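Here is a short briefing on one protein model. Read it with the structure open.

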Amino acid sequence: MTQHTPILIVGAGQAGAMAAAALRGLGYDGRLVMAGGERHAPYERPPLSKSVLADVGEDGKIGVHPPSFYADRDIELRLGACVTVLDAARHVAHLADGSAIGYDRCLLATGGNARVLPALPPGTPHVHYLRSLDDAARLRDAMQCAGELVVIGGGFLGLETASTAAGMGLKVTLVESAQRLLARALPLELGTWLAGRVQAQGVTLRLGCGIVHCDVQGDAVRMQLDDGASLRAPLVVVAIGLTPEVALAAGAGLALHPQNGGIQVDARCRTSSEGVYAAGDCCSQYQPLFGTEVRLESWQSANEQARIAAASMLDVDAEPAALPWFWTDQFGCNVQMLGAAHPEIRYAWRGGAAHDAATPKFMLLGTRQGRLSHAIAVNAGGDLRQLRTLVGQDVSSHLARLCDGALPLRQAVRDCQAQADSNITL
Ligand SMILES: Cc1cc2nc3c(=O)[nH]c(=O)nc-3n(C[C@H](O)[C@H](O)[C@H](O)COP(=O)(O)OP(=O)(O)OC[C@H]3O[C@@H](n4cnc5c(N)ncnc54)[C@H](O)[C@@H]3O)c2cc1C
C-alpha cells in the first residue's frame, strides 16, 4: 500500500469512526480520509431516541471519540462531504462538491435511512423521522410544544421514542400493524409482557392496526386506521424501519443481498469488488449463529465489523466477531440480548415481574435443540454477561437450575460449564 494514496472511509458514523481508530491502532500511518455527509463529527445514535430526545444538554456528550481525536491521529475528517459516485475500477470517489479522492482501499460505512411511509413522507407538516442528530433536535423542539404524540411503528425505535415522550409528559399512542410488539426480535411471551408494560406506563397501544389514509388538517395530522377508527395528533413520529444506504455500492456494481438489500461482505468485510470493504448497517454478512446472511442494525455489530474491516484492509488477522449483543432502554427496562432469535427457539423464564413493577428484573433463556441460543435480560445485564460462555453449548440438563431464581446464577453457570468441560475431556 502506498503512503500517499489514502485509505478512504465513506460515512463518518459509528462504523466509520471505529474503523478509523482501529486502523491507527493497528499501526497504519499512511493517509486516512473520512468523508461524512453530515455536518457533525461522528456521534453515537442510540442516545437520539433516549437522553438526547429529552435533554438538549446531551447533544455534546455523544461523540464516538473526543473532538480532538481525529486531528491528534492525523485523520482527515471531511464533514458535509457527500460521496456521490464510487468508481471502484479506478479507485476514485467523486464528491458532491466536484472534488475527487483517489484511494488505495475504501470502506463503505454508509449506514441507512429511515424507511418512509408513503402516506406521510418526510417534509409533511407535523411528521418526523428519527435517524440523525438534526432529526432528534427537531423532534425534541416539537415535543416540547406538543401535548400529544402518535408513534407509527412498534419496533425498538418506536418504543423508545414513545417511552421518552411519555416520560416527558406527552399523551402517547403507538400504532403497530402487527398483532404484537417486536415480533421478529422478541419471543411472543416477552412481546406480550412488554405490551402490558407499555400500557401500564400510560401509553395507548393499537396493535394490528394499519394506516389506510392520512392527511394534514390545519395543526394536526389525521390518520384513518384499517379497523375503522381515526386518530388526530399534533405530532407524529414514523418509525417503521431502515433501508440500507447502498446507492454508491449499487452504482459501482457491488453485489447486494437480494432480500435484505445490504452490501454483501464476507467474514472479513470484503465486498465483491477488490479494494472495497463495508461495515455497519449498510452491509449483509453471513452470521453463523443465525445460520444465514443478515443485515444487523446494531451498535455492537457496527463496532465489530469496523474492527474486522480495518484489519482486513491492512491484511492482518483479526479476532473473530463477538456474539451478537443488543440493548434497548424503554419504560424503565434496560433490555439486553445475547445471541440470535430463531422461530425454533423455546424460552424459559428466570424470575418474572408484574407489568407495573418499579424495576422489573428477569431473564429469558432460549434454547434450540438443547443449546443456549438466545438470552434476554431485563434490568439484569450483569447476569447476562455471566451466560456468555454458555451460548452455543448444550445446557439441557442444567436449564432448570439456570432458571431457578432462588439459586445464584454464577453457581449454576459454573456447574454447567464444568459439565461441558468434562464432556470435552471425555
Ligand atoms: C435513534 C436510534 C437509536 C438507536 N438505538 C440503539 C440501541 O439502543 N442499541 C443498539 O444496539 N443500536 C441502536 N441503534 C442502531 C445503531 O446506532 C446503528 O446500528 C449504528 O449507528 C450503525 O452505524 P453505521 O456506521 O453503520 O451507520 P451510521 O451511524 O448511520 O453512519 C453512517 C453515516 O454515513 C453517512 N453517509 C451515508 N452515505 C454517505 C455518502 N454517500 N457520503 C458521505 N457520507 C455518507 C451518513 O450521513 C451517516 O452519518 C440506534 C439507531 C438510532 C437511529
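Valine 83 sits opposite leucine 95 of strand 5. The model is a predicted one. That pair belongs to the contact between strand 4 and strand 5 (residues 92-95), an antiparallel pairing held by four bridges.

**Annotated domains**

- An unreviewed UniProt entry annotates residues 7-306 as "domain: FAD/NAD(P)-binding".
- Residues 7-306 are 24% helix and 29% strand, and their end C-alpha atoms are 14 Å apart.
- The annotation "domain: Reductase C-terminal", also from an unreviewed UniProt entry, covers residues 325-412.
- Residues 325-412 are 17% helix and 39% strand. The end C-alpha atoms of this span lie 22 Å apart.

**The largest cavity**

- How many cavities of 30 Å³ or more are there? The count is one.
- The volume of the largest cavity is about 60 Å³.
- Its lining consists of Phe156, Leu182, Leu186, Leu190, Trp193, Leu194, Thr328, Gln330, Val335 and Val378.
- Helix 6 (188-200) and strand 22 (325-330) are the elements that each give two or more residues to this lining.
- Helix 6 has the largest share, with three residues.
- By class, the lining of the largest cavity holds eight nonpolar and two polar residues, and no charged ones.

**The second largest pocket**

- The second largest pocket holds about 370 Å³ of space.
- Its lining has 21 residues. Gln287, Pro288, Ile308, Pro320 and Ala321 are the ones nearest the centre of the pocket.
- Strand 20 (283-287) and helix 8 (299-313) each supply at least two lining residues.
- Which element gives the most to the lining of the second largest pocket? Helix 8 does, with five residues.
- The lining of the second largest pocket divides into twelve nonpolar, five polar and four charged residues.

- Most residues other than glycine have a negative phi. Two exceptions follow.
- Cysteine 269 is not a glycine, yet its phi is positive, about 65°.
- Cysteine 269 lies in the loop between strand 18 (263-265) and strand 19 (276-278).
- Is cysteine 269 buried or exposed? Cysteine 269 is buried, because its relative accessible area is 0% and the cut-off for buried is under 20%.
- Aspartate 315 also has a positive phi, near 60°, and is a residue other than glycine.
- The loop between helix 8 and strand 22 carries aspartate 315.
- Aspartate 315 has 57% relative accessibility, so this residue counts as exposed. The cut-off for exposed is over 50%.

How values were computed:
Residues numbered from 1 in each chain as written. Predicted model: local features only at pLDDT ≥ 70, side-chain atom pairs only at ≥ 80, totals over all residues. Heavy atoms only, no water. UniProt positions renumbered as here; feature names shortened; annotations may be inferred. Pairing = 2+ DSSP bridges. 1 Å grid on protein atoms, 1.4 Å probe; cavity = no way out; pocket = protein on both sides within 12 Å on 5 of 7 lines; lining within 4 Å. Points joined across faces, edges and corners; volume = space filled by probe spheres on them. Nonpolar A, V, L, I, M, F, W, Y, C, P; charged D, E, K, R; others polar. Buried < 20%, exposed > 50% of the residue type's maximum accessible area, 1.4 Å probe, protein only.
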